[in-house]
Amino acid sequence: MNTFDLQKPTSIEGAAALLPTSSDSRQAVLLAGGQDLLGELKDGLVEPERVVNLKGVAGLDAMNWEADGSLTLGALVTLQSLAEEPRVLEEMAVLAEAAQQVGSPQIRSVGTVGGNLNQRPRCWYYRNADSVCLKKGGTHCFAQLGENKYNAILGGGPTYIVHPSDLAPALVALGASAVLVSPRGRRTVLLSEYYLLPADDGITRETIREPDEVLASVHVPVQRQGMRSTYIKFRERGSYDWALSSVALCLWMSDGMTTGARLVLGGVAPTPWRCESSELLLVGHAVDEQTIRRVVDEALRQAEPLSDNAYKVPLTKGLVTRALQTLAS
Amino acid sequence: MRILHFQLNGDDAEVAAPDHWTLLEVVRYRAGLTGSKQGCDKGDCGACTVHVDGRSVLSCLTLAADIDGRQVTTIEGLSNVDGLDVVQDCFDGAGALQCGFCQPGMMMAARQLVTENPEATREEIKEALASNLCRCTGYTKIYQAVEEACRRQRQCTTERAGGAP
């Protein structure tokens, strides 16, 4: 690792004040659990003058159930503590199951909510220090015509990364929002609007977070009564890995009919991929074979696979089917 | 450079380390404890696994500055005055090593599992050791060693509780 100056502010505002005002990451980067950042530092993908360590900010690792039943997660809540929280397990299975399936025990002990949501892509052209791809200021997305087995089938172009977060699809399905703090103040944004497609100015970054903003917390609203939810993640190997494809599904049913649904895909697009038109096809219907077929076809209707990743289309249809059958039974 | 104060294998430790150093570097190059291995050095292999405040972490992905004031246990601290830890004894008994490079990290990860879930199934053992690679691929005996360690841990608990032997 290159040398840097490690700073440990004691407030969120203090942390934001240490961040750069331009997107020049040579100046400063944020450190939470470090499970992604240290890899980036070691590979020379970021070479900052200073690293701003959030662990000096008291209370940022707190998980608070509000009086109205909503949940506030500080940016430094660990994935392990989230996965083990009894009320999350009981009331928001999709979130607990997503947290349980991130990385390995060692990574979940240290990895955080804020870090998981803001981790950088795993595309091997991005991670290879010698490759100057479009995401790193180059002229071409090498994945588009190169080795693209793990890349996007939805929402790609001009870059084709997939967002690697497991928490993001689950939290988008739950309608969560993020609180961002900068020297200009704080703003709250829906997580569904936090991630950027490459075509929407999301080439060198994946989120709307400005260089001098800190994601301080995530707020998960109260869910309508009777929600069933699940997160299904498919990995290339049995051991720990990022998702080839994943499905976050929240479902509300009454008398055998679906009364509400939120369906979000992970591992297949540069952002968590909400399938609103598929959700509408569920409402008012029983979760039978015919409905499932219509829903999965609609969810993948816009898929445009690259040369090596067409397998993600049937794989994702299978996962959505499994999620629907699991929750409806 | 900053001075760090922490507990290392039960003893007070005070070391000076540059800001960009990891816990692994401090353990190996300041404390001279070379049991924790530098394998991939980016979180893929688990050979550097140590405990911080009782939980297994990847010391190659932990900045040294973050252990100030905390308790660190490396493989050198796993045994105690009574001899080998049950996990070490079971790895020994099962012959759960080939080249041995992954073994310290394997045993540190296994120790957390045996403490937290001595009822672990084979699948749960695999999940608990998912971060730890054995490039000799000697997993079968490693899993057998952890199963035996779990069994002995349960037995220990039963005996302490005064239950059936």
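A residue counts as buried when its relative accessible area is under 20%, and as partly exposed between that value and 50%. Keep in mind that this is a predicted model.

**Aromatic pairs**

Over all chains, the structure holds five aromatic pairs.

| Pair | Arrangement | Centre to centre | Angle between planes |
|---|---|---|---|
| B:Trp21 and B:Tyr29 | edge-to-face | 6.4 Å | 75° |
| B:Tyr139 and B:Tyr143 | stacked | 6.0 Å | 25° |

Because its relative accessibility is 15%, B:Trp21 counts as buried. B:Tyr29 has 45%, so this residue counts as partly exposed. B:Tyr139 and B:Tyr143 are both buried. These two tyrosines are four residues apart in helix α5 (residues 139-160) of chain B, so about one helical turn separates them.

**Charges over rings**

Chain A has rings with a charged neighbour. The charged end of A:Arg87 sits 4.1 Å from the centre of the A:Trp65 ring, over that ring. A:Arg237 lies over the face of A:Tyr240, 5.1 Å from the ring centre.

**Where the chains meet**

How many residues of chain B are in contact with chain A? There are 25, and they touch 26 residues of chain A. About 2200 Å² is buried between the two chains, with carbon and sulfur atoms giving 50% of this area. B:His20, B:Leu61 and B:Leu63 supply 27% of what chain B buries against chain A, more than any other three residues.

Four salt bridges cross this interface. One salt bridge joins the side chains of B:Glu127 and A:Arg108 at 3.0 Å, N to O.

Definitions and conventions
Residues numbered from 1 in each chain as written. Chains lettered and ligands numbered in written order. Predicted model: local features only at pLDDT ≥ 70, side-chain atom pairs only at ≥ 80, totals over all residues. Heavy atoms only, no water. Phe/Tyr/Trp six-rings, centres within 6.5 Å; stacked < 30°, edge-to-face > 60°. Buried < 20%, exposed > 50% of the residue type's maximum accessible area, 1.4 Å probe, protein only. Lys NZ or Arg CZ within 6 Å of the ring centre and 35° of its normal. Contact = heavy atoms within 4.5 Å. Buried area = accessible area lost by both parts, 1.4 Å probe.
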